[in-house]
Amino acid sequence: MAGALPYTAPVSPTDCLFCRIVAGEIPATVVRETGTTLAFRDIDPKAPVHVLVIPKEHYADVATLAQDDPGLTAEVLATAAAVAEDEGLLGDGFRLMFNTGAYGGQEVFHVHAHLLGGAPLGPMLAGNLT
């Protein structure tokens with residue numbers, strides 16, 4: 001596929017960028033934290049509000065998380081909803097997006113939801129995939 005990012009194998013929790021953020025080794029602008037989840041601002045925002053919501057425990061992607069721990073999956077979604085409310089996004093709407101695997105555009109192999117809003121976000125995909 002032209003323009004696709006090269007596939008990067010999932011990393012171990014000790015090498016994971018987001019695990020290092022959870023551990024406090026790398027700074028992040030945290031907007032919400034629970035016992036099991038962390039939400040922080042994306043360093044390269046694609047919308048006026050762009051927050052990443054992650055489980056603190058390492059899972060490579062949303063499919064693995066959903067299969068292995070449905071309860072934690074629900075906690076990630078509840079945290080995303082709370083952040084959307086805190087950020088004032090409930091009235092006009094927002095997008096919650098999980099990228100999974102090479103074709104899905106996943107770049108960091110620790111499951112994370114992108115919470116985007118604060119302006120019209122346009123079409124779901126930028127171009128025709130055929």
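## Cysteines, histidines and an aromatic pair

The sulfur of C16 lies 3.8 Å from the closest cysteine sulfur, that of C19, too far for a bond. A disulfide here is a pair of cysteine sulfur atoms within 2.5 Å. The structure therefore holds 0 disulfides by that cut-off. C19 is likewise in no disulfide, and its nearest cysteine sulfur is that of C16. In general, a disulfide is a covalent bond between the sulfur atoms of two cysteines.

This is a predicted model: local features need pLDDT of at least 70, side-chain atom pairs count only at pLDDT 80 or more, and totals for chains, interfaces and linings use all residues. Residues are numbered from 1 along each chain as its sequence is written, and side-chain values use heavy atoms, with hydrogens and water left out.

**Overall build.** The chain has 4 helices and 5 strands. Their order from the N terminus is α-β-β-β-α-α-β-α-β. Helices (H or I, at least four residues) and strands (E, at least two) are DSSP runs, numbered from the N terminus. Of the 130 residues, 35% count as buried. Buried means under 20% relative accessible area, exposed over 50%, and partly exposed in between (1.4 Å probe, protein chains only). The chain exposes about 7600 Å², and carbon and sulfur atoms supply 57% of that area. Accessible areas come from the Shrake-Rupley method with a 1.4 Å probe; for residues, only the protein chains shown count as cover. A contact means heavy atoms within 4.5 Å. Among contacts between residues at least 6 apart in sequence, 53% join residues at least 24 apart.

| Residue | Relative accessible area | Class |
|---|---|---|
| C16 | 1% | buried |
| H112 | 7% | buried |
| A47 | 11% | buried |
| C19 | 15% | buried |
| H58 | 19% | buried |

UniProt, in an unreviewed entry, lists H112 under "active site". UniProt positions are given in the numbering used here, feature names are shortened, and annotations may be inferred rather than shown by experiment. H112 sits in the loop between α4 (101–104) and β5 (113–117). Leaving aside residues up to four places away in sequence, H112 touches F18, L52, V53, I54, M97 and F98. Its side chain reaches the backbone oxygen of H110 at 2.7 Å. H110 also meets H58: their side chains make a polar contact at 3.2 Å. A polar contact is a pair of N or O atoms within 3.5 Å; within protein, one must be able to donate a hydrogen and the other to accept it, and residues adjacent in sequence count only if both atoms are side-chain atoms. H58 belongs to the loop between β3 (49–55) and α2 (62–68).

**The aromatic pair.** The structure holds 1 aromatic pair. F18 and F40 form it, edge-to-face, at 5.5 Å centre to centre with 75° between the planes. The pair links distant parts of the chain: F18 is in helix α1 (residues 17–22) and F40 in strand β2 (residues 37–41), 22 residues apart. Both F18 and F40 are buried. Rings of Phe, Tyr and Trp (its six-membered ring) pair if their centres lie within 6.5 Å; planes under 30 degrees apart count as stacked, over 60 as edge-to-face and the rest as tilted.

**A47.** This residue lies in the loop between β2 and β3. A47 touches L116, G117 and L121, not counting residues up to four places away in sequence. The C-alpha atoms of A47 and P120 are separated by 8.8 Å, with the two residues 73 apart along the chain.
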